[in-house]
Amino acid sequence: MTRPLLATLLFGLALAAPPLDAAGPAAAERDAALAMAGDPVKGKAAYRVCRGCHQADGAGRADAGYPQLAGQQATVLVKQMADVRSGRRQSPAMHPFINPDEVSTRDLADIAAYLAGLPVPAGNGKGDGRHLARGRTLYERDCATCHGRAGEGDGARFVPRLAGQHYRYLVRESTAIRAQAGARRDADADMVRAIAPYTAGDIAAVSDYLARFRSAR
C-alpha cells in the first residue's frame with residue numbers, strides 16, 4: 001500500500017542527504033536481493049513505477065539524462081537500486097518511486113531480472129562524434145580492463161554495461177564520479193582513480209565513443 005503523495009515526497013527529501021555510513025544498509029539489502037531468484041514476470045509488473053522516466057522498454061530518455069536500463073547487468077541494477085534507496089547514491093528524483101512502501105527487496109530482484117532480459121534498444125543519445133578516436137584510446141587504456149573490450153561490463157564484480165548508454169547520462173555520471181562531491185560516493189575506487197585526471201573533453205570523448213558502441217549481450 002502506498003503512502004499519500006506528500007508523505008512519499010517528504011520521505012524522498014529526508015533521504016536526499018543521507019549519512020556517510022549508508023554503505024552497510026545498501027550492501028545488506030543488495031545481498032538479500034541477490035540471494036533471491038528474480039522473477040522477470042513479476043518484475044515487469046513491479047517495474048510500473050519506473051516507466052514514467054525509464055520508459056516501458058527500459059530505453060530511458062536521452063534528452064532528460066535518464067539511463068537506459070534494458071540489458072544492464074542484473075547485479076548492477078540491484079546494487080544501484082539498493083544504493084539509491086539507502087542514500088549512498090544520491091538521486092532525490094528517484095527516491096519517491098523506490099521507497100520501501102512502493103518497492104520491496106523482492107521487487108528489486110524481480111525488476112533487475114526483468115530489465116536484464118530485455119533487448120538493448122537502438123537509437124540512444126549520442127554526442128557530436130568529433131573526438132571518437134580520442135575516446136577509443138582513453139577507453140581502451142583506462143576502462144576496458146573492468147568494463148570489457150566491448151563495454152559489456154562484469155556482473156560478478158558489479159561493473160555496469162556501458163555500451164550503447166545515453167551520451168548525456170554518461171557525461172553526467174562520469175563528471176560526478178570524478179568530482180567525488182557526494183552524489184556518487186558509491187563509485188568504485190579504481191574508477192575514481194582512473195577518471196581523476198580526465199578533462200571535460202576527455203569525459204565527453206569517452207562517453208560519445210561508448211554511446212556509439214554496440215556490445216553483444
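**Close-up views of a predicted model**

**View 1. Helix α5 and the residue that follows.** At 1.5 Å a residue, the 13 residues of helix α5 (residues 74-86) should span 18 Å, and the 18 Å between its end C-alpha atoms agrees with this. The structure shown here and in the other views is a predicted model. Helix α5 is mostly covered, with eleven of its 13 residues buried. The buried residues are Val 76, Leu 77, Val 78, Lys 79, Gln 80, Met 81, Ala 82, Asp 83, Val 84, Arg 85 and Ser 86. Just after α5, Gly 87 adopts a positive phi of about 95°.

**View 2. Packing of helices α9 and α11.** Two packed helices are described by the angle between their axes and the distance between the axes. For helix α9 (residues 167-179) and helix α11 (residues 200-211), the angle is about 140° and the axes lie 9 Å apart. Angles of 65 to 115 degrees count as roughly perpendicular and those over 145 as roughly antiparallel; α9 and α11 are therefore oblique to each other. The crossing in which α9 passes α11 is right-handed. On the α9 side, the contact is made by Tyr 167, Leu 170, Val 171, Ser 174, Thr 175 and Arg 178. On the α11 side, Ala 200, Ile 203, Ala 204, Ser 207, Asp 208, Leu 210 and Ala 211 take part. By class, the contact of α9 with α11 comprises eight nonpolar, three polar and two charged residues.

**View 3. Packing of helices α8 and α11.** The axes of helix α8 (residues 132-147) and α11 come within 7 Å and cross at roughly 90°. Helix α8 contributes Leu 132, Arg 134, Gly 135, Arg 136, Leu 138, Tyr 139 and Glu 140 to the contact. From α11 come Asp 202, Ala 205, Val 206, Asp 208, Tyr 209 and Leu 210. The residues of the contact of α8 with α11 divide into seven nonpolar, one polar and five charged.

View 4. Asp 208 is found in helix α11. A residue is buried when its relative accessible area is under 20%; the value for Asp 208 is 3%, so Asp 208 is buried. Not counting residues up to four places away in sequence, Asp 208 touches Lys 126, Gly 127, Asp 128, Gly 129, Arg 130, Leu 132 and Tyr 167. The C-alpha atoms of Asp 208 and Arg 136 are separated by 9.4 Å, and these two residues are 72 residues apart along the chain.

View 5. Asp 110 is located in helix α7 (residues 105-116). With a relative accessible area of 2%, Asp 110 is buried.

View 6. Gln 55 has a positive phi of about 75° although it is not a glycine. The position of Gln 55 is in the loop between α4 (51-54) and α5, and its relative accessible area of 25% makes Gln 55 partly exposed. Phe 158, although not a glycine, has a positive phi of about 60°. This residue, Phe 158, lies in the loop between α8 and α9. Phe 158 is partly exposed, at a relative accessible area of 24%.

Notes:
Residues are numbered from 1 along each chain as its sequence is written. This is a predicted model: local features need pLDDT of at least 70, side-chain atom pairs count only at pLDDT 80 or more; totals for chains, interfaces and linings use all residues. Side-chain values use heavy atoms; hydrogens and water are left out. Axes are lines fitted to C-alpha atoms, for helices over the stretch in contact, and angles run from 0 to 180 degrees between N-to-C directions. Helices (H or I, at least four residues) and strands (E, at least two) are DSSP runs, numbered from the N terminus. Angles under 35 degrees count as roughly parallel, over 145 as roughly antiparallel, 65 to 115 as roughly perpendicular and the rest as oblique. A crossing is left-handed if the near helix is turned anticlockwise from the far one by less than a right angle, and right-handed if clockwise. Contact means heavy atoms within 4.5 Å. Ala, Val, Leu, Ile, Met, Phe, Trp, Tyr, Cys and Pro count as nonpolar, Asp, Glu, Lys and Arg as charged, and the others, Gly among them, as polar. The expected span of a helix is 1.5 Å times one less than its number of residues. Buried means under 20% relative accessible area, exposed over 50%, partly exposed in between (1.4 Å probe, protein chains only).
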